[in-house]
Amino acid sequence: MNFLARFFGGVSERIAAVVLAVAAAQFPVYYLAYGNTLAGAQMEAEVRYRELLAEAAQLHLDVEDFVGRHENNADAVFQASGRIHRSTLERHRRYTAMQDALRNAPAWERPLALARNFDPAIHAATRFEPGLPLTLEAGAYALVGILLAWLLTSLLGLAFRGPGARRADSFR
């Protein structure tokens, strides 16, 4: 019975290592897909923002005054367009800041940069297709996945073995 437990424990550790390594290696692929989707959204927001700038400039206003006049107008139609214009300004600013943060993040900070700049709407629009990235960055994330698998299986093993038991043939 002890042999079977060791055998299946070793197999489960290796399976966990492979699964987590492959899953972690997908991060650069997803990051790129998310960044491309964000770039498209930012470009669209940029076009709308430039339209607002041009309209405001024709009236010798800055864009904030232009939008503010719409928002503060007594006419409900102008107030509605003011809300749309305000949304355009906010999306342009937010998407530009997000894109700058993601582009400037070094490889080891990208998971945190993505977490801080995650937008569910961008995620929903992202066309992510898993792949087998053969890059140094993907290899580093795969290594992190293997280390995470080792840590998790070791912790699970300790939880099931009890406080006094120690296993000599841990993850290899």
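Colleague: Is Arg86 buried or exposed?
Modeller: Happy to start there, keeping in mind that this is a predicted model. Arg86 sits in helix 4, which covers residues 76-104. Its relative accessible area is 18%. Since buried means under 20%, Arg86 counts as buried.

Colleague: Which side chain makes a polar contact with the side chain of Arg86?
Modeller: Let us begin with the surroundings. Leaving aside neighbours within four places in sequence, Arg86 is in contact with Glu64, Val67, Gly68 and Glu71. The polar contact between side chains has a distance of 2.9 Å, and the partner of Arg86 in it is Glu64.

Colleague: Now the aromatic rings: how are Phe27 and Tyr31 arranged, and what is the angle between the planes?
Modeller: A pair of aromatic rings is described by the distance of the centres and the angle of the planes. By the rule used here, there are four aromatic pairs. One of them joins Phe27 and Tyr31, a tilted pair at 5.5 Å centre to centre, with the planes at 45 degrees.

Colleague: Why are Phe27 and Tyr31 separated by about one helical turn?
Modeller: Both belong to helix 2, residues 27-58. Phe27 is buried at 17% relative accessible area, and Tyr31 is buried too, at 10%. The separation is about one helical turn because, within helix 2, the two are four residues apart.

Colleague: How many residues apart are Tyr34 and Phe118?
Modeller: These two form a stacked pair, 5.8 Å centre to centre and 15 degrees between the planes. Tyr34 is in helix 2, while Phe118 lies in the loop between helix 5 (110-116) and helix 6 (120-125). The pair therefore links distant parts of the chain, 84 residues apart.

Colleague: What separates the C-alpha atoms of Glu129 and Gln26?
Modeller: Glu129 is found in the loop between helix 6 and helix 7 (136-161). At 63% relative accessibility, Glu129 is exposed. Along the chain, Glu129 and Gln26 are 103 residues apart, yet their C-alpha atoms are separated by 9.2 Å.

Colleague: Which element gives the largest share of the largest nonpolar core?
Modeller: Among the 16 residues of this core, those touching the most other members include Tyr31, Tyr34, Leu38 and Leu114. Helix 2, helix 4 and helix 5 are the elements that give two or more residues to the core. The largest share, seven residues, comes from helix 2.

Colleague: Which residues is Leu114 in contact with, leaving aside its neighbours within four places in sequence?
Modeller: Leu114 is one of the residues that touch the most other members of the largest core. With those sequence neighbours set aside, its contacts are Phe27, Tyr30, Tyr31, Tyr34 and Leu102.

Colleague: How much space lies in the second largest pocket?
Modeller: The lining includes Pro28, Tyr31, Gln99, Leu102, Arg110 and Glu137. Helix 2 and helix 4 are the elements that give two or more residues to the lining, and helix 2 has the largest share with five residues. The space in this pocket is about 190 Å³.

Methods:
Residues are numbered from 1 along each chain as its sequence is written. This is a predicted model: local features need pLDDT of at least 70, side-chain atom pairs count only at pLDDT 80 or more; totals for chains, interfaces and linings use all residues. Side-chain values use heavy atoms; hydrogens and water are left out. Buried means under 20% relative accessible area, exposed over 50%, partly exposed in between (1.4 Å probe, protein chains only). A polar contact is a pair of N or O atoms within 3.5 Å; within protein, one must be able to donate a hydrogen and the other to accept it, and residues adjacent in sequence count only if both atoms are side-chain atoms. Contact means heavy atoms within 4.5 Å. Rings of Phe, Tyr and Trp (its six-membered ring) pair if their centres lie within 6.5 Å; planes under 30 degrees apart count as stacked, over 60 as edge-to-face and the rest as tilted. A nonpolar core is a set of buried Ala, Val, Leu, Ile, Met, Phe, Trp, Tyr and Cys residues joined through side-chain atoms within 4.5 Å. On a 1 Å grid over the protein atoms alone, a cavity is a set of points where a 1.4 Å probe fits but cannot get out, and a pocket is an open set with protein on both sides within 12 Å along at least five of seven lines; lining residues have an atom within 4 Å of a point. Grid points are joined across faces, edges and corners, and a volume is the space filled by probe spheres set on the points.
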